[in-house]
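I'd like to walk you through one chain, so please have a look at it with me.

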Amino acid sequence: YVTTSVGLTVLLVTSQFGVAFNDVIVDGLVVESSQGKSKAFATHFQTLCVVGNSIGVIVTSFIGGYLIETIGSQDTYYVLAFLPIFIMICTCFIDEKPTAMQIRCDSIKIQTGRLWGALKQPNIWKPCLFIFLMFGAPNADQGFFFFVTNSLNIEPTFLGFVTAATGIAGLIGAFIFNMFLQDVSFKKMFFFVSIAVSVLGLLQLILIFRLNVSVGISDKVFLISTKTASFVGRNLLRLTVFVFAARVCPKDIEGTLFATIMG
């Protein structure tokens, strides 16, 4: 059992390394399948990935909140630790030609050279810089979560319900993007969706200053309403970035470059 912050950090870094390793493989498969295809195909494919992620969020949020209150956080971690086994099962359904597993220093050097060569191209590093500036800025999500749990005393079950609502909002955002916005230019999408997400994010200040109580809106109703609306906008922005990044990645290093851009 972990009793120190150093031990906890090591375990978290190790677990996240495994998750990141799988993410790179999935990113490579998704981007490789989008290479040479139309924007509509890339949009449908990315939307399908987001829908799957949203469904997972909905299911785990209900299960996670219930388990924490019934069996405790430690036993909940035991249960959730078995979920990555499903990733191993899913690999059996990947259609690919088997190759000899051989990792050599020269191949790593060549791949690194390709990545560096791609990042030096203006049509690659400029979008990378744009995405970094968009998502690299600090956010108040952790501080707001602390405020909700410690100042407002929102219980874990309701937080799980809020997470499930954001998952449903993710499905709504994916549906809107796929049905009505896939033909809109990237420039217009980035401009208008970024403004909408910024305005929706400022609604948290109403809850922090308790202005919602003065007009008769409970904290729980306001929290779930603003979170849901904000997540629809965030999902539209994320889908736009995913499709944009998938289309600028060159062949042979699509997985590595996409993971570098989105990481």
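This is a predicted model: local features need pLDDT of at least 70, side-chain atom pairs count only at pLDDT 80 or more; totals for chains, interfaces and linings use all residues.

I'll start with the overall layout, then go to the cores, and finish with a few individual residues.

The chain has 13 helices and zero strands, so if you read along the sequence you get α-α-α-α-α-α-α-α-α-α-α-α-α. Taken along the principal axes, the C-alpha atoms fill a box of roughly 60 × 50 × 35 Å. Of the 263 residues in the chain, 29% are buried. The chain exposes about 17,000 Å², with carbon and sulfur atoms supplying 70% of that area.

How do the contacts run along the sequence? Among contacts in the chain with a separation of 6 or more, 77% are between residues 24 or more positions apart. As for charge, there are 17 positive and 14 negative side chains, and the centres of the two sets lie 12 Å apart.

Now, the interior. In soluble globular proteins, nonpolar side chains tend to be buried together. In this chain, the largest nonpolar core has 29 residues, and those touching the most other members are Ile131, Phe177, Val193, Cys249, Leu257, Phe258 and Ile261. Which elements give two or more residues to this core? They are α2 (39–71), α5 (105–119), α6 (122–135), α8, α9, α12 and α13 (254–262). Helix α12 gives the largest share, nine residues. There is also a second, separate core of 13 residues, and Phe144, Phe147, Val148 and Phe158 are among them.

Let me stay with Phe177 for a moment. Setting aside residues up to four places away in sequence, Phe177 touches Thr43, Thr47, Gln182, Met189, Leu236, Leu239, Thr240 and Val243.

That list brings us to Gln182, in the loop between α8 (156–181) and α9 (186–202). Is Gln182 buried or exposed? Its relative accessibility is 14%, and because the cut-off for buried is under 20%, Gln182 counts as buried. The side chain of Gln182 reaches the backbone oxygen of Asn178 at 2.6 Å. Beyond its neighbours within four places in sequence, Gln182 is in contact with Lys39, Ala40, Thr43, His44 and Phe177. Thr43, then, is a contact of Gln182 and also of Phe177.

Next, please find Asp219, which lies in helix α12 (residues 219–248). Asp219 has a relative accessible area of 15%, so this residue is buried too. Again leaving out neighbours within four places, the contacts of Asp219 are Leu152, Leu207, Arg210, Asn212 and Val213.

Arg210 deserves a look of its own. Where is Arg210? You'll find Arg210 in the loop between α10 (204–208) and α11 (211–214). With a relative accessible area of 34%, Arg210 is partly exposed. Now the backbone: most residues other than glycine have a negative phi. Phi of Arg210, however, is near 60°, a positive value.

Asn153 has a positive phi as well, near 55°. Asn153 sits in the loop between α7 (141–151) and α8. The relative accessible area of Asn153 is 56%, and therefore Asn153 counts as exposed.

Definitions and conventions:
Residues are numbered from 1 along each chain as its sequence is written. Side-chain values use heavy atoms; hydrogens and water are left out. Helices (H or I, at least four residues) and strands (E, at least two) are DSSP runs, numbered from the N terminus. Buried means under 20% relative accessible area, exposed over 50%, partly exposed in between (1.4 Å probe, protein chains only). A polar contact is a pair of N or O atoms within 3.5 Å; within protein, one must be able to donate a hydrogen and the other to accept it, and residues adjacent in sequence count only if both atoms are side-chain atoms. Contact means heavy atoms within 4.5 Å. Accessible areas come from the Shrake-Rupley method with a 1.4 Å probe; for residues, only the protein chains shown count as cover. Lys and Arg count as positive and Asp and Glu as negative; His and the chain ends are not counted. The place of a charge is taken as NZ of Lys, CZ of Arg, CG of Asp or CD of Glu. A nonpolar core is a set of buried Ala, Val, Leu, Ile, Met, Phe, Trp, Tyr and Cys residues joined through side-chain atoms within 4.5 Å.
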